[in-house]
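Please read them with the coordinates open.

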Amino acid sequence: MTITENIRKELQTLVDSKYQEFHSALVPGTENILGVRIPQLRVMAKEIAKRDDWRIFIEATDTKFYEEAMLQGMVIGRSKTALDEQMKYVKRFVPRIDNWAVCDIFCSELKTAVKKGKETVWQFIQPYLKSPQEFELRFGIVMLFHYIDEEHIDLLLKYTDSFCHDAYYARMAMAWMISICFVKFPEKTMEYLKHSKLDNWTYNKSLQKTIESLRVDKRTKDVLRSMKRR
């Protein structure tokens, strides 16, 4: 039995049918969800990453279920290897991303990779920020969340004005990023929004996501509501 088959067998013992129904509704179009909760997947990923054969698992292409792809991404993020090898596996994995959940969890698991080499990863994600593919572009944008800091904020806001894509999940990622920029750098992001070249849908969604934040005060939210494009 292969490592993938063993992992699949273990996943099937953790299936929660109610969670499967709930999570499937959150990831429309994904028909192969078993129904294993994310915390349980993280526990499994931690153990797999310690094994000598973890590379065999993340290189496997005979996966069947959503959770197997999620696990592969988690293991890549947790792998104790040199950054150049880790990024090789990231590059191989990104084209396999076909939903927002795998994308976003994968990006969050790459936090350690960013710590290993922040500038290296910054350069690595640049081509994805220009990708015509919806989830490659979302991957690039969500990876930018690791760079919402003093050093990169001006570059991020400049990038937003070059953003042009019709895909829903790419646009939502951009709106989400701008809302986080606003929370961390309210003055700069407010000034950006006043002169933003974003398309109306993404611009308005950015306002909405920011207004929904618990870290933005009521007075500022009222100002943001008045800035909505009609």
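1. Surface charge. The model is a predicted one, and the surface carries a patch of positive charge made up of Lys111, Lys115, Lys184 and Arg215. Of these residues, Arg215 sits in the loop that runs between helix 14 (200–211) and helix 15 (218–226). Its relative accessible area is 66%, and because the cut-off for exposed is over 50%, Arg215 counts as exposed.

2. Helix 10. How many of the residues of helix 10 are buried? The helix spans residues 134–143 and is mostly covered, with 8 of its 10 residues buried. Those buried residues are Phe135, Leu137, Arg138, Phe139, Gly140, Ile141, Val142 and Met143. An arginine, Arg138, is on that list.

3. Aspartate 98 belongs to the loop between helix 6 and helix 7. With a relative accessible area of 55%, Asp98 is exposed. The C-alpha atoms of Asp98 and Phe135 are 6.3 Å apart, although the two residues are 37 residues apart in sequence. Phe135 is one of the buried residues of helix 10, whereas Asp98 is exposed.

4. Salt bridges, and Arg8 in particular. The count of salt bridges comes to 15. One of them joins Arg8 to Glu68, with 2.6 Å between the closest N and O atoms. This pair links distant parts of the chain, since Arg8 is in helix 1 and Glu68 is in helix 5 (residues 66–78), 60 residues apart. Are the two partners buried or exposed? Both Arg8 and Glu68 are buried.

5. Helix 1, where Arg8 is found, covers residues 3–12. The relative accessibility of Arg8 is 11%, and because buried means under 20%, Arg8 counts as buried. If neighbours within four places in sequence are left aside, Arg8 is in contact with Asp62, Thr63, Lys64, Phe65 and Glu68.

6. Arg55 and Glu85. A further salt bridge is formed by Arg55 and Glu85, whose closest N and O atoms are 2.7 Å apart. Arg55 lies in helix 4 (residues 54–59) and Glu85 in helix 6, so the bridge ties together parts that are 30 residues apart in sequence. Arg55 is partly exposed, with a relative accessible area of 31%. Glu85, at 19% relative accessibility, counts as buried; please note that the cut-off is under 20%.

7. Arg78 and Glu109. Arg78 makes a salt bridge with Glu109, and the closest N and O atoms are 3.2 Å apart. Here too the pair links distant parts of the chain: Arg78 is in helix 5 and Glu109 in helix 7, 31 residues apart. Arg78 is partly exposed at a relative accessible area of 26%, while Glu109 is buried at 9%.

8. Trp122. Trp122 is buried, with a relative accessible area of 10%. Its contacts, leaving aside neighbours within four places in sequence, are Leu144, Tyr147, His152, Leu155 and Leu156. As for Tyr147, its C-alpha is 8.3 Å from that of Trp122, and the two are 25 residues apart in sequence.

9. Pro186. Helix 13 covers residues 186–194, and Pro186 has its place there. At 39% relative accessibility, Pro186 counts as partly exposed. A distance of 9.0 Å separates the C-alpha atoms of Pro186 and Val216, which are 30 residues apart along the chain.

Notes
Residues are numbered from 1 along each chain as its sequence is written. This is a predicted model: local features need pLDDT of at least 70, side-chain atom pairs count only at pLDDT 80 or more; totals for chains, interfaces and linings use all residues. Side-chain values use heavy atoms; hydrogens and water are left out. Buried means under 20% relative accessible area, exposed over 50%, partly exposed in between (1.4 Å probe, protein chains only). Helices (H or I, at least four residues) and strands (E, at least two) are DSSP runs, numbered from the N terminus. Patches are made of residues with over 30% relative accessible area and no salt bridge: like charges are joined within 9 Å, nonpolar side chains (Val, Leu, Ile, Met, Phe, Trp, Tyr) within 5 Å. Accessible areas come from the Shrake-Rupley method with a 1.4 Å probe; for residues, only the protein chains shown count as cover. A salt bridge is a side-chain nitrogen of Lys or Arg within 4 Å of a carboxyl oxygen of Asp or Glu. Lys and Arg count as positive and Asp and Glu as negative; His and the chain ends are not counted. The place of a charge is taken as NZ of Lys, CZ of Arg, CG of Asp or CD of Glu. Contact means heavy atoms within 4.5 Å.
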